[in-house]
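Please read the following with the sequence and the coordinates open side by side.

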Amino acid sequence: MEIKDFIEQYKEDKTEALKAIHIQTYLPFLVKKQLVNLILGNVLFDQDGVYLYNAMDKYMSYTLVALSTYTDLEFSTHDQEYYEEYDKLVTSGALGEIFGRIGDDYQVFLRFFEESFQT
């Protein structure tokens, strides 16, 4: 489901909107590992042998991958639009609700990501 459609439904009836999307509560270990490597490859860049990153890009990349993987929500492919979609998810309260429904596995995935990032 596209984010904009989900947000409209969520504004009308939160419970029904959340029922309308598929939320996974577990990702296999190897899927987590592949996703972490994908995100790191998109966030880190080598400048004269030193790896650099933008903290805001790191957060957004992780969040978009997590949402897209744990749910069937579809973000826009245009940069400006997916930032707006993210903002709407946050301001509506839906983002926290979705991550809460994912449960503990979301925290495990985040921990794997952060530990891999620090390494």
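The largest pocket holds about 170 Å³ of space. Pockets are found on a 1 Å grid over the protein atoms alone: a pocket is an open set of points with protein on both sides within 12 Å along at least five of seven lines, whereas a cavity is a set where a 1.4 Å probe fits but cannot get out. Grid points are joined across faces, edges and corners, and the volume is the space filled by probe spheres set on the points. The model is predicted, so local features need pLDDT of at least 70 and side-chain atom pairs count only at pLDDT 80 or more, while totals for chains, interfaces and linings use all residues. Residues are numbered from 1 along each chain as its sequence is written, and side-chain values use heavy atoms, with hydrogens and water left out.

The lining of the largest pocket (residues with an atom within 4 Å of a point) consists of E2, K4, E74, F75, S76, E81, E84, E85 and K88. Helix α5 (residues 79-92) gives the largest share of this lining, four residues. By class, the lining has seven charged residues, one polar and one nonpolar. Here Asp, Glu, Lys and Arg count as charged, Ala, Val, Leu, Ile, Met, Phe, Trp, Tyr, Cys and Pro as nonpolar, and the others, Gly among them, as polar.

Seven helices and two strands make up the secondary structure of the protein chain, in the order α-α-α-β-β-α-α-α-α along the sequence. The radius of gyration of the protein chain is 15 Å, close to the 14 Å that the globule rule gives for 119 residues, so the chain is as compact as a globular protein of that length. That radius is taken over C-alpha atoms, and the globule rule is 2.2 Å times the number of residues to the power 0.38. Helices (H or I, at least four residues) and strands (E, at least two) are DSSP runs, numbered from the N terminus. Along the principal axes, the C-alpha atoms fill a box of roughly 50 × 30 × 20 Å.

Of the 119 residues, 37% are buried; buried means under 20% relative accessible area, exposed over 50%, and partly exposed in between (1.4 Å probe, protein chains only). Contacts (heavy atoms within 4.5 Å) between residues at least 6 apart in sequence join residues at least 24 apart in 69% of cases.

Which residues does T63 touch, leaving aside neighbours within four places in sequence? T63 is in contact with Y86, L95 and F99. T63 lies in helix α4 (residues 55-70) and is buried, at a relative accessible area of 1%.

Y51, in strand β2 (residues 50-52), is exposed at 59%. Beyond its neighbours within four places in sequence, Y51 contacts L44, F45 and D46. D48 sits in the loop between β1 (45-47) and β2 and is exposed, with 78% relative accessibility. D48 has a positive phi of about 55 degrees although it is not a glycine.

T77 is in the loop between α4 and α5, and its C-alpha lies 27 Å from that of F29, 48 residues apart in sequence. E114, in helix α7 (residues 104-118), is partly exposed at 29% relative accessible area. E114 and L73 are 41 residues apart in sequence and 24 Å apart, C-alpha to C-alpha.
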